[in-house]
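Dear colleague,

Please find below the structure that I am handing over to you, with its sequence. My notes on what was found in it follow.

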Amino acid sequence: QLIGRCSQLYEAQPLRRSAFAVAMTLDELLLLKVSCDAQHHLTVDKVSSLSLTAGSTGKLSAAADGIHMLARLLAADKHVHGFHDPVLPVEKMVDGRWLGNFVQVRGAAGSTASVFTADWQQRFTETQDSSVDAALDGGSAASEAGNSSNPSLDGSAENTGELLGYRDFGDKVIVKVGAGVQKEVELLQKVIGLPNIVQMKGRVQLSPDQLPAVILQPLCMVFGSAPSLAELSQLGYDVAGAIQELYKAKIYHRDISRNNIGVFKGRGYLFEFSAAKYFNDEPDQRQSDTAHPSKFTGTPLYAGVCVLEGKPHSKSSDLEALYYSLRHICEDSLPDEVTFRRNPHNHERAMVRRGWMTMEQTYRSKEHEPFLMQLHELFWPDRRYWHSINQEVSVEAFQAVCKKFMH
């Protein structure tokens, strides 16, 4: 059970490489460390243990000793159990604004990037500030200062951000640091100006390792609990529109999940393009590699059935993943989630999902039930047949359902 749950954890959080768990046997309470390597192999190590027997009597005292053990774990220095403080980037001036106050969100793993939130605050002199105001008003001061109406994305430290429009998003930014950001830059450049998509505002190299970094805005809120029906439907409407805009730009996101969509000032946004793909003139027709979970593109729990079965990603499969994401946000689970935890084979997961989705659906939230049911019927119009999934759902149809519940 522990290995199954940790497998699901690592699928949902691909940048994570270790987790801690407490387990109890008949005579011991164990603290375990479950590590995951780059090939998705799990290793379980015992960090410490506490006997549950009381002296020579042999009686169990699980409750008392367990509480004492957990209290000691919580009071102990975190470094004793393998936790390390993240190495934060050094603060730096970027385009006249101070980039600092970094807080790590996710650590790097392999070729992926570390993710931080940060403040990008204005620190102009009075003379410089008037030039920025002129640039924001459409004046020529920006071009005289070496800027233009488009962000400079050449990676240089002197000219690496976009002044225009930054006040709309505030001072908070997302900063991705590491060699892994380079493959995202080309795609991020293609989505500049597209609505409801987190934007690249600049590139820079950050110490201590002089690694490339990309600055993104806005910093969105990811729903940790069920929002109101109006908020959920607005999120679905906006992200479906973002999927359409990506398709026009010949891009498939390929990793729509509840962790990659969020809201800013009441509007939905799509972010995280590490799995996205540019498909040139024709959509990618290559099969997905479902035999090896480490090579699977996306998060299996939210993936479309056809993608789990090895077929290529499509606009409709991204919309299907959006439906599963919205349902997971307000239900905090999917009906087939236990199977995904215990079974690593995506073809078998797809069969179970087909079975569950063609059954009569039940929902925990009566407020969200009509909305989720209508989205469900877009993809599963005939529940009499397990193979009846609609693989050609349009953005217009998806948004039409969302629009009914937005007000």
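**The hairpin and its strands**

Gln210 takes a positive phi near 55 degrees in the hairpin of E10 and E11, which has 4 residues between the strands. Please note that this is a predicted model, in which local features need pLDDT of at least 70 and side-chain atom pairs count only at pLDDT 80 or more, while totals for chains, interfaces and linings use all residues. Residues are numbered from 1 along each chain as its sequence is written, and side-chain values use heavy atoms, with hydrogens and water left out.

Helices (H or I, at least four residues) and strands (E, at least two) are DSSP runs, numbered from the N terminus. Two strands pair if DSSP finds at least two bridges between them. Strand E10 (residues 199-206) pairs with E11 in the antiparallel sense over 7 bridges, and Val204 has Ala213 in E11 as its bridge partner. Strand E9 (residues 172-177) also pairs with E11 in the antiparallel sense, over 4 bridges; here Lys176 stands opposite Val214.

Buried means under 20% relative accessible area, exposed over 50%, and partly exposed in between (1.4 Å probe, protein chains only). Strand E11 (residues 211-217) is largely enclosed by the rest of the structure, because 6 of its 7 residues are buried.

**Helices and cores**

In helix H6 (residues 182-190), the buried residues include Glu184, Val185, Leu187 and Leu188. The buried residues of H6 pack against E9, E10, E11, strand E12 (251-252) and strand E15 (277-278), where contact means heavy atoms within 4.5 Å.

Helix H12 (residues 369-379) has among its buried residues Phe371, Leu372 and Leu375. The buried residues of H12 pack against helices H7 (229-248), H9 (315-331), H11 (346-357) and H13 (395-404).

A nonpolar core is a set of buried Ala, Val, Leu, Ile, Met, Phe, Trp, Tyr and Cys residues joined through side-chain atoms within 4.5 Å. The largest has 69 residues, of which Leu322, Leu326, Phe371 and Phe398 touch the most other members. Apart from it lies another core, of 13 residues, including Trp120 and Val175.

**Confidence**

The mean pLDDT (the predictor's confidence in each residue, from 0 to 100) of the chain is 79, and 75% of its residues reach 70 or more. Confidence is lowest in helix H4 (residues 141-144), at a mean of 31, and highest in H13, at 98. Over residues 124-167, pLDDT stays under 50, and the model has 70 contacts beyond four places in sequence for them.

With kind regards
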